[in-house]
Amino acid sequence: MIQMFHVTKSYPGDPPVLTDLNLDIDKAEFVFLTGPSGAGKSTLLKLMFLAERPTRGQILIAGRNIARVRESSVPYLRRNIGVVFQDFKLLPTRTVAENVGFTLDVLGVPRDDVRDKSLKMLRRVGLEHKADVSPLKLSGGEQQRVSLARALVNDPAILLADEPTGNLDPALTVEIMNLLCDVNARGTTVVVATHDASLIARYQKRTLRLEKGSLVADEKGAKAARLMALEA
Ligand SMILES: Nc1ncnc2c1ncn2[C@@H]1O[C@H](COP(=O)(O)OP(=O)(O)OP(=O)(O)O)[C@@H](O)[C@H]1O
Ligand SMILES: [Mg+2]
């Protein structure tokens, strides 16, 4: 579903942030992406979402080479990808429900359906009661859950989440992880960047570890969990 071949990414004027990266994530896989701060996790997710372009190498999403795709095709390709990024903010002039339904609106889904689907998604993240307030009135963790609802409302083939539980207490972290596992069980490919070693230890998923822009480990299930438990 997501393949990278010899991908290098440099931001202008700086040494490479990612160097000669190869990876292959299957359809309906659940993958944690971990590693120290500055290792390149967010950059890697941004490459998958075409928010950044690779300096070298090939990136295939669902078999299609996106490294050289025209800027005008980007919105179309993104329709199948839900994202939770810390710098993709909610729109302050719209209500929580309108934020969640925004993508569906753009796709021309009828207004009543949009409202319906948005409320259903908000219920799943435990925020139905906040549907009609401004996102400015929500806590950080609540905003994060609204972002997740917005990313999932369109039933995307791929979900990319950057520290989706970063601002949440342990109980909410479990709820959000359950939601991600549930979405994954229904066939969505899920990639979660996280610092949280205890999360990785608990959920026993494939774990890719980045250090200084290189993939240094790719472990499945129990082995990844053991390694992370040592670190936690
Ligand atoms: N837009 C940018 N322009 C220049 N350098 C950038 C940009 N975005 C990220 N970098 C640099 O790329 C490196 C990797 O950053 P990235 O955000 O991908 O790391 P990360 O693994 O997500 O870290 P964290 O765990 O702190 O979120 C860092 O050294 C950062 O300074
Ligand atoms: Mg990051």
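**A walk through the sheets, helices and ligand shell**

I would like to begin at one turn: in the hairpin of strands E9 and E10, which has two residues between the strands, Lys212 takes a positive phi near 45°. Helices (H or I, at least four residues) and strands (E, at least two) are DSSP runs numbered from the N terminus. This is a predicted model, in which local features need pLDDT of at least 70 and side-chain atom pairs count only at pLDDT 80 or more, while totals for chains, interfaces and linings use all residues. Residues are numbered from 1 along each chain as its sequence is written, and chains are lettered from A and ligands numbered from 1 in the order in which they are written.

Glu211 has Ser214 in E10 as its bridge partner.

Both strands belong to an open sheet of six, ordered E6-E7-E8-E3-E9-E10, with mixed pairing. Its edge strands are E6 (81-84) and E10 (214-219), each of which pairs on one side only, and the twist averages 15° from one strand to the next. Within this sheet, E7 (residues 158-162) and E8 (residues 189-193) are joined in the parallel sense by five bridges, with Ile158 partnered by Thr189 in E8. Helix H6, residues 170-185, lies across E3 (30-34), E7 and E8, and runs at about 150° to E8; here axes are lines fitted to C-alpha atoms, for helices over the stretch in contact, and angles run from 0 to 180 degrees between N-to-C directions.

Now to the other sheet, in which four strands form an open, antiparallel arrangement in the order E2-E1-E4-E5. Strands E2 (18-25) and E5 (64-65) stand at its edges with a single partner strand each, so one side of each is left without a neighbour in the sheet. Five bridges join E1 (residues 2-9) to E2 in antiparallel fashion, and Met4 stands opposite Leu23 in E2. Helix H1, residues 41-48, lies across E1, E2 and E4 (56-61), running at about 120° to E1.

How do the helices H3 and H5 cross? The axes of H3 (residues 96-106) and H5 (residues 140-152) come within 7 Å and cross at roughly 30°, and the two are therefore roughly parallel to each other, a label given to angles under 35 degrees, with over 145 counting as roughly antiparallel, 65 to 115 as roughly perpendicular and the rest as oblique. In the contact, for which C-beta atoms placed from the backbone must lie within 7 Å, Val96, Asn99, Val100 and Phe102 of H3 meet Val146, Ala149 and Arg150 of H5.

H3 also packs against H4 (residues 111-124), at an angle of about 125° and with the axes 9 Å apart, and these two helices are therefore oblique to each other.

Finally, the shell of ligand 1 includes Tyr11, Asp14, Lys41 and His195, a residue being near a molecule if its C-beta atom, placed from the backbone, lies within 6 Å of it. That shell divides into three nonpolar, seven polar and two charged residues, where Ala, Val, Leu, Ile, Met, Phe, Trp, Tyr, Cys and Pro count as nonpolar, Asp, Glu, Lys and Arg as charged, and the others, Gly among them, as polar.

Methods. Two residues are in contact if their C-beta atoms, placed from the backbone, lie within 7 Å. Two strands pair if DSSP finds at least two bridges between them.
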